[in-house]
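I opened the model to look up the ligand site first.

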Amino acid sequence: MSTNIIDGKAYAANLRERISEHVKNLKNQHNITPGLAVIIVGHDPASQVYVRNKAKQTLEVGMNSFKYDLPENVSETELLTLINKLNTRPDVHGILVQMPVPDHINATNIINALNPNKDVDMFHPINAGKLMVGQVGPVSCTPLGCLMMLRDVHGSLEGKEAVVIGRSNLVGKPMAQLLLRENCTVTMAHSRTIDLPAVVRRADIVIAAVGRAKMVKGDWIKKGATVIDVGINRIDAPEKGEGKTRLVGDVDFEEAVKIAGAITPVPGGVGPMTIACLLANTVTTACLINGISPPKDLVA
Ligand code: NDP
């Protein structure tokens, strides 16, 4: 692996080891076993794989895993009833509803029904607000993972020019907030940004969270910049055989890797850290719910 490639799998493995230690301490010192409930509605094969992976890793770090596999036609009321039960169960410290939910379910109603103290992917507006005003709370898993890798690459991020492409509630907006908190000068770009290549060329740190395969070209990147590619896009891969596909990011990796100082690959970059941060957030919420200070190395 080229030396400027950020190995997200290795970062995630290291983070999971630390989480295991924190889980052991919580059990030994406070008799608490953090528990994560994941709800999936419908049978989208990619989501099923993702959720299985989350459950496996939850158990591997010594936490309890509760998986709820609901049929595609489950009613909003039934889903809300389950969430309300989990909201009050003392052995559940984190609740994640795998998004998107089917069209007949109003996602906003689901998000607003979550107990904010158990909202491990920061869907709830209360937690988005806490991030905005600098209070401790769960931070969206993907931006948290990106921040952990950036801190490790750079040490201090102070004064860096950061450009975040994408402004979703789950990735772009919290990422920009976190970078602002690190004293970066932050620009948020989106589909209406004029001359995106020129905006990206200013950046010491580029976060691409768009969902468009290889959109960010090598000549958009400033020499030596750090590039974090959040995008996950499936494209045809005829070189692997007829009908085969492969995953690529939002950044044209082959071009950008020659110019960037450091860059995350897809797959193997941000993705593994996202799941590890879900586990980290469950430890954080288990601590906060029980009036214990969460481990400093797990929070933003
Ligand atoms: P959304 O679709 O919610 O947001 C996409 C953002 O990209 C929007 O803000 C949109 O702008 C912007 N955008 C779209 N087209 C352009 C363009 N041509 N130029 C500039 N900006 C553009 O996506 P998410 O934030 O949920 O996810 C983004 C990507 O990250 C996806 O590929 C997703 O699969 C991946 N992802 C990966 C995760 C991981 O663990 N690695 C976790 C979560 C997501 P506007 O607001 O103006 O429409």
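The model is predicted: local features need pLDDT of at least 70, side-chain atom pairs need 80 or more, and totals for chains, interfaces and linings use all residues. Residues are numbered from 1 along each chain as its sequence is written, and side-chain values use heavy atoms, without hydrogens or water.

Next I checked polar contacts (N or O pairs within 3.5 Å). A side-chain N or O atom of Ser 168 is 2.6 Å from a ligand oxygen. For Thr 274 the corresponding distance to a ligand oxygen is 2.8 Å. Arg 212 places a polar side-chain atom 3.1 Å from a ligand nitrogen. Alone, the ligand exposes 930 Å², and the protein buries 70% of that (Shrake-Rupley, 1.4 Å probe).

Then I turned to the backbone. Most peptide bonds are trans, and most residues other than glycine have a negative phi. I found a cis bond between Met 99 and Pro 100, with omega about 0°. Another cis bond joins Val 266 and Pro 267, omega again about 0°.

I also looked up phi. Met 122 is not a glycine, yet its phi is positive, about 55°. Met 122 is buried at 5% relative accessible area (buried is under 20%, exposed over 50%, partly exposed in between; 1.4 Å probe, protein chains only). Asp 195 also has a positive phi of about 55°. Asp 195 is partly exposed, at 46%.

Conventions:
Polar contact = N/O pair within 3.5 Å; in protein donor to acceptor, adjacent residues only side chain to side chain.
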